[in-house]
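Work through these exercises with the model open. Try each task before reading its solution.

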Amino acid sequence: MWKKIGWTSLLLLVTVIVIGAGLTIRHQRNMATPKRAIPEVTQTGGVHVTIKQKDAFIRSIAVPAVRNFQRNRQILPSVVIAQAALESQFGTSDLYSEAHNPFGVKGTYQGQSVTFYTREVENGKSVRVLAQFRKYPSVAAAIIDHNRLVHRKFVRRTNLLSYRTTTRLLQENGYATDPHYAAKLNRLIVKYHLGKYDLKALNDD
């Protein structure tokens, strides 16, 4: 009987040791595997975008932007494209690839969002803050939502045909904290000849 009890105790001891070793190894693996770091909403350096990539990105935004303007006469396609290019670095940002959000629109969309660090200007200084951004099912959905948001909260005018007035209103009404936001958009519109999409929206209507 004592022999039987001894073998039982030994078997129980071995089982406890094996289980304990397994838990220890799992804990060490979990400690060694770092959690996914929260990325920046845009990367300010180290991303090279070719002319071909920029052209493809511009066209992908231009088609629905032109269509939206023809339908509601709210936000000029040139401004929509320039904002998308500036905010997503021509589609290279993590926010664009993960959430189809080329505009850096914060909040939630139909209950969906992602969290990123972003840069804001507060009291003249650039600060890093954690923010929630809208996650869209497609770029087309993002452009429709952006069009609605910008018209309602920042531009507040229909059939506005001056991109410079539109970008000025965006900055004055707080779309971005960057004090040079309007000037950056204007430069993009001129450099990449985005005004041609405004003409297309007006002439092909």
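The exercises go from the whole chain to single elements.

The model is predicted: local features need pLDDT of at least 70, side-chain atom pairs count only at pLDDT 80 or more, and totals for chains, interfaces and linings use all residues. Residues are numbered from 1 along each chain as its sequence is written, and side-chain values use heavy atoms, with hydrogens and water left out.

**Exercise 1. State the order of helices and strands along the protein chain.**

Solution. Start with the inventory: eight helices and two strands. Helices (H or I, at least four residues) and strands (E, at least two) are DSSP runs, numbered from the N terminus. Along the sequence the pattern reads α-α-α-α-β-β-α-α-α-α. Now turn to burial, which means under 20% relative accessible area (1.4 Å probe, protein chains only). Of the 205 residues, 38% count as buried.

**Exercise 2. Describe how α3 sits in the structure.**

Solution. First, take its length. α3 has twelve residues and reaches 16 Å from its first C-alpha to its last, close to the 16 Å expected at 1.5 Å a residue. That expected span is 1.5 Å times one less than the number of residues. Next, check burial. Ten of the twelve residues of α3 are buried, so this helix is largely enclosed by the rest of the structure. Among the buried ones are Val 79, Ala 82 and Gln 83. Then ask what covers them: α2, α4, α5, α6, α7 and α8 are included. Finally, look just past the helix, where Gln 89 takes a positive phi of about 50°.

**Exercise 3. Characterise the packing of α2 (residues 51-72) on α3 (residues 77-88).**

Solution. Begin with geometry. The axes come within 8 Å and cross at roughly 145°. Axes are lines fitted to C-alpha atoms, for helices over the stretch in contact, with angles from 0 to 180 degrees between N-to-C directions. The crossing is right-handed, that is, the near helix is turned clockwise from the far one by less than a right angle. Contact means heavy atoms within 4.5 Å. α2 contributes residues including Phe 57, Ile 61 and Phe 69, and α3 contributes residues including Val 80, Ile 81 and Ser 88.

Technical notes
Buried < 20%, exposed > 50% of the residue type's maximum accessible area, 1.4 Å probe, protein only.
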